[in-house]
Amino acid sequence: MSEGGRAGSGTVPPRGVRWRNLGVSASFAGLALAVLWASRHLPAGIASLPGPGFFPSLLALVILGFAIVHALDRGSPALPPATGADPAEIGNPSPRHDPAWRMPVVATLALLVYLVSWEWVDFLIRTPLLTLVLMRASGSTWRSAALAAALVPLLLYAMFQLGLRVDLG
Amino acid sequence: MEALATGFTAILQPMVLLYLMGGLLMGALFGALPGLTATMGVALLTPITFWLNAEEGMAMLLGIYCGAIPAGGVPALLLNIPGTPASIAASWDGYPLSQRGEAGLALGINSVFGFIGQVTSVLFLAIAAFPIASFSLRFGPPEYFALALFGISLMAGVSGNQMAKGMLSGMLGLLVSTIGLDPMMAVARFTFGQAEFYDGIAFVPVMIGLFGVGEVFHQMLTDGASARVGSSPATPPAVLGRVLPDWAAWKRMLVPGAIGSGVGTVVGAIPAAGGDIAAVICWEQTRRLSRKPEEFGKGSIEGLAASTTACNSAIGGAMTTMLTLGIPGDAPSAILIGALLIHGVQPGPLLFRDNPALVYSIIGLMVLAALLIAVLGVVAARPLAAALRVPKPWLWTAILLLSVVGSYALSNAITDVWVMLAAGLLGLAFRWLQIPLGPLVLGLILGPMMESNLRRALILSRGDWESIFLRPIVAFLVVAALLSLVWPLIQRYRSGRKPRDPLPGPGESGG
């Protein structure tokens, strides 16, 4: 279940990677502090009778410790694969192209709008619209997007609403 | 004997066989299409099993799992693009073999040795699972806590130089598992007044988000430009040639196949490493033992047989750990735990005592699945190769929509869809930041077990940590956990002094 590459031979990671790693450490340390703050009202109990706050606080402290270890770690970054393997598939950090942030951002926004409109807009109206946006955002042609918008929601409707009796709204 | 008969009778029901076949076909698609994985397939289709009984649900999900791993070899052999992470090593020899005009032979070896790998590992499951489960019935709260600790540490240990990130990921999973009512005193924790979270964060939507939406977002990020072109740049060879190996080839592949079965099953059983790691280790070991090591990486049938057998054997190994101890051996088996929980079945030693028929059903289903996918692999190789041309926008859109509807369908709760989307964004962030997802999943699964058993152990020992850690099994597991954390550091120190050939990084194990 692990991702990321195997260690290289002890080279110092590039400056960008180092800053990114520091960002990871800071985020986890921040999370640990937030958990410690949020669990201040939960009784920690005593050694022979640990309370609800015991385990989360213990975890927060461990996270804090590993965040510091990670911040101090000067290990090498993951190496690219030695094969023709698809980098995206094996969790390799080096993208084959410049990161195309627009696609996931548009997709996320479209999904957010879709979820917010769930209560008010019918499934067979909101889902084709979402499909159209997702297809276009993924670089598809208008023709393919229209075809997908007509077909995919109907398939899902047939499978879940008609077949499994799920109320899709 | 009654349980054996009941278990095997259950899988011969027409509907169970139908769902198994459907699962295999879906699994073959998920495995063969680059970008889709066994994990994603099992996660996306788990919600559908909510409407099925346990046997039917497991038939479908095991079909996907067992079908996707060998099918992942098809694009690896024909296009040098591994369909799943488990088939990375298969491409090293399989693709050169195809380039030599022996694509049919490569596909044949993939099918036959995939079958051998799956069946031998299921045999191991059938033989070893009941004794392991029986032994683990002796475990008390301290042992279960130590087992969970061992699982988490092992996961972080195999994250290579990402060990700290692995531990952070695992701890985050444990932390998320504490959301909801406290298991012993029913005090609400981190629910922020939302009643929907009192039962905790639903596991399946999180998995769908992490491995479905997160993967799609990451592919959009990295493959965005190529997706506009529409399809895979390479084309499969037009002529496949002979499919089944001759007698001389069989003899050469016998030992690699045996090594693959053994190594794959053992590596798969470790709650950390799946088919991808098993295949790489096995390929390397077989190369060292081979009389013709110079052929490895250039179309060696021994290398292909070893890696294919290993990645398929890992399935049975992972299932053994999952069923006997309740600890997932890889990502797909982690989701299978969630699927079993949907049906009120808790994997672990008690499953063998309370519901042995289901265990026999699972074993029987895996053997059937191995047999059917071996046939399918030979017969359907060409259509699968054609399926590789599906444009990515279609795949991405279909996965995103199925993720939304599937998450909602689980309990008709829009909260689950929000959780799924949040998990998807977290999955994207983890992939981008190179934080392994495996420990997070394991933490989520093991969290409740770890916390409740640690607290019970402390209550039973009246707060005496020493008496907990001095119990033999606990001491063994804790020392093993520490070793699994320290060993990569020693290896890193040694590799820093002595350069060595880089091996490809492991993906989400098991595909």
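Good morning. In this structure, B:S300 caps the N-terminal end of α12(B), with a side-chain oxygen 3.2 Å from the backbone nitrogen of B:E302. Helices here are DSSP runs of H or I with at least four residues, numbered from the N terminus.

A word on the source. This is a predicted model, in which local features need pLDDT of at least 70 and side-chain atom pairs count only at pLDDT 80 or more, while totals for chains, interfaces and linings use all residues. Residues are numbered from 1 along each chain as its sequence is written, and side-chain values use heavy atoms, without hydrogens and water.

Helix α12 of chain B covers residues 301–325; at 1.5 Å a residue its 25 residues should span 36 Å, and because the end C-alpha atoms are 36 Å apart, the two agree. The expected span is 1.5 Å times one less than the number of residues. Of the 25 residues in α12(B), 25 are buried, that is, under 20% relative accessible area with a 1.4 Å probe, protein chains only. Just after α12(B), B:G326 has a positive phi of about 80°.

I turn now to the cavities. The structure holds five of 30 Å³ or more; a cavity is a set of points, on a 1 Å grid over the protein atoms alone, where a 1.4 Å probe fits but cannot get out. By class, the lining of the second largest cavity has ten nonpolar, five polar and no charged residues, with Gly counted as polar and Asp, Glu, Lys and Arg as charged.

Conventions: Chains lettered and ligands numbered in written order. Helix = DSSP H or I, 4+ residues; strand = E, 2+ residues; numbered from the N terminus. Buried < 20%, exposed > 50% of the residue type's maximum accessible area, 1.4 Å probe, protein only. Polar contact = N/O pair within 3.5 Å; in protein donor to acceptor, adjacent residues only side chain to side chain. 1 Å grid on protein atoms, 1.4 Å probe; cavity = no way out; pocket = protein on both sides within 12 Å on 5 of 7 lines; lining within 4 Å. Points joined across faces, edges and corners; volume = space filled by probe spheres on them.
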